[in-house]
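Please look over the following structure with its sheets, pockets and a few individual residues in mind. The briefing below takes these topics one by one.

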Amino acid sequence: MTPSDDELAGWLRLTLYPGVGAERQRALLAAFGLPEQIFAASRSAVASVVGAEVADLLRAPPDNEKIDAALTWAAQPGNRIVTLADPEYPRALLDIADPPVLLYVKGDPARLCGPSLAIVGARSATAPGISNAAAFAKSLAESGLTIVSGLALGIDAAAHRGALAHPEGITVAVIGTGADRVYPARNQALARQIAERGVIISEYPLGTPALPYNFPRRNRLIAGLARGVLVVEAAVGSGSLITARLATESGREVFAIPGSIHSPLARGCHRLIRDGAKLVETAADVLDELSWGLPSRTGAAEADAPGRPARPARTRETRPADPPFEPRTPPPAASAEEIRVLDTLGHEALDIDTLTARSGLTLDALYAILLALELEGHVTRLPGGRFQRL
C-alpha cells in the first residue's frame, strides 16, 4: 500500500533536514520504525541512536513549504515518491551499501523491477562511440533488458535513445538533480520521452540544482539497479569508471568495449579490461555472460533482483538461442547504405580501409552501419580488423 499524505509528509520531513544524511535516517528507521515514531520518540532516545546534535536538529520545525511542494508534485499524473518501506521500492537497491530513503519517480515504478543493464560512458563521445551505445542499447532492449543510464550528453543520451528506438524498449534515467529539473537542458525532449516510456528517478529533493558532487554519488544507483554495467567509451579518471567500480563492489558484472590504442576515450575501457572487465564486441557477448536466458517483458516484474541468489543457470547447450542474433538475410527494409556495405563485402574478408574506399562511405558512417549489421547477425568481425558477410 502506498503511504497516505500524512505518512509521506513524515518521510519527507525526515529527509529534508539539512545535516541528517541517509545513513542516519536509516539508523533511526531501524531503531524506531516509521518516521512518525521517530518524531514521537524522546530526545534522549533519538540521541542514543544518532547523537545529541542530530537529535536537536530533528526537534526543529519541519520545512512545511518544501513538504507541501513535494506532496503537490507527487499528486501530479506520472509522479510518485517511493519510500524505503514501499513495496514498489526497487529490491535491487536494497543490496547496495547506501540505499536512499526516498526516490522521486517520474513514470511507473514497476519498470524499475525488471532485469536491466547500465550503459555509461564519456560525455564528449566520438561518433562511433555514440553509434555503439545506441546500437547495443537497442539490441539489448529487444532482448528484454531495461537500459539504465544517467541522462548525460554523449554515451548516456545515446543509450537512452537506442533503447527507445525499439518499440517495447524501456529505459531508466538516474539523475543528479531534483526530479523537477532536467540537466543538461538540451535533453528536455529526451527526458519527456523517457518519462513516458520508462522512468526518471532521483534521490535528491525537488529543486536541487546540478551540483558537481551529486553526479558521482548518483552513479551508485545506476550500478545498483542493473545486473551489470557496460562502459562504451571512457577516459582514465572518468565518472564511468566510478560506476564500474561500484558495480564490482556490489557483485555486478562489468563489460567494456575496446577501442583504438591511440584514443584517450578508449584508455578507461582498456584499464577496465586489464582489471577483469569482460571485453565485448557484440550485444550477444553481454547476454552470454549473464549466464541465463532473459524473461519475457510480461514476466519482467518477477525476475530475480541483481545481487540476490539467481535461479539455476541453464547450460549453453540447453538455453534457447537469442533470436535477435541469429544470422539471417537482410530484411526488405534494409537501408540503401546497409545493402551497399553488404554488396561491397561480397564473399571477401575486407579491412576497414578497403571497405571505406570501395563503398564511398565516411569512416564514421561505415562503423555505425557495420555495427548494426554485426548486431543483427549479417556481418562478423575477424582478427586483424577485417569484416566478413555471413
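Strand S11 and strand S12 (residues 386–389) are joined in antiparallel fashion by four bridges, where strands (E, at least two residues) and helices (H or I, at least four residues) are DSSP runs numbered from the N terminus, and two strands pair if DSSP finds at least two bridges between them. This is a predicted model, in which local features need pLDDT of at least 70 and side-chain atom pairs count only at pLDDT 80 or more, while totals for chains, interfaces and linings use all residues. Residues are numbered from 1 along each chain as its sequence is written, and side-chain values use heavy atoms, with hydrogens and water left out.

**The three-stranded sheet**

- The open sheet that holds these strands has three members in the order S10-S12-S11, with antiparallel pairing.
- Strand S10 (349–351) and strand S11 (379–382) stand at the edges with a single partner strand each, so one side of each has no neighbour in the sheet.
- From one strand to the next the twist averages 30°, angles being taken from 0 to 180 degrees between N-to-C directions of axes, which are lines fitted to C-alpha atoms, for helices over the stretch in contact.
- Within this pairing, Gln-388 in S12 is the bridge partner of Thr-380.
- Helix H14 (residues 336–345) lies across S10, S11 and S12 and runs at about 100° to S12, whereas helix H15 (residues 352–359) lies across S10 and S12 and runs at about 90° to S10.

**The nine-stranded sheet**

- A further open sheet is formed by nine strands in the order S1-S2-S6-S5-S4-S3-S7-S8-S9, with mixed pairing.
- Its edge strands, strand S1 (79–83) and strand S9 (278–279), each pair on one side only.
- S2 and strand S6 (residues 199–202) are antiparallel and share four bridges, and Tyr-104 stands opposite Ser-202 in S6.
- Helix H7 packs on the sheet, touching S3, S4 and strand S7 (228–231), and its direction makes about 175° with that of S3; contact here means heavy atoms within 4.5 Å.
- Helix H9 (residues 188–197) also packs on the sheet, where it touches S2, strand S5 (171–174) and S6, and its direction makes about 105° with that of S6.
- Strand S3 (residues 116–120) runs parallel to S4 and is joined to it by three bridges, with Thr-146 in S4 as the bridge partner of Ser-116.
- In a regular strand the side chains alternate between the two faces of the sheet.
- Strand S4 (residues 146–149) is covered on both faces, since Thr-146 and Val-148 on one side and Ile-147 and Ser-149 on the other are all buried; buried means under 20% relative accessible area, exposed over 50%, and partly exposed in between (1.4 Å probe, protein chains only).

**Two residues in context**

- His-160 is found in helix H8 (residues 155–165) and is buried, with a relative accessible area of 0%.
- Apart from neighbours within four places in sequence, His-160 is in contact with Ser-149, Gly-150, Leu-151, Thr-171, Val-172, Ala-173, Leu-190 and Ile-194.
- Thr-126 is found in the loop between S3 and H7 and counts as partly exposed because its relative accessibility is 29%.
- Not counting residues up to four places away in sequence, Thr-126 touches Glu-233 and Leu-265.
- Thr-126 and Ile-155 are 29 residues apart in sequence, and their C-alpha atoms are 8.9 Å apart in space.

**Pockets**

- A pocket is an open set of points on a 1 Å grid over the protein atoms alone, where a 1.4 Å probe fits, with protein on both sides within 12 Å along at least five of seven lines, and lining residues have an atom within 4 Å of a point.
- The largest pocket has a volume of about 520 Å³, a volume being the space filled by probe spheres set on the points, which are joined across faces, edges and corners.
- Of the 21 residues that line the largest pocket, Pro-128, Asn-132, Pro-258, Gly-259 and Ser-260 are the closest to its centre.
- Helix H7 (127–142), helix H12 (264–274) and helix H16 (363–375) are the elements that give two or more residues to the lining of the largest pocket, and the largest share, four residues, comes from H7.
- The second largest pocket has a volume of about 450 Å³, and of the 21 residues that line it, Thr-15, Val-20, Gln-25, Glu-203 and Pro-205 lie nearest its centre.
- Helix H2 (22–32) and strand S2 (102–107) each supply at least two residues of the lining of the second largest pocket.
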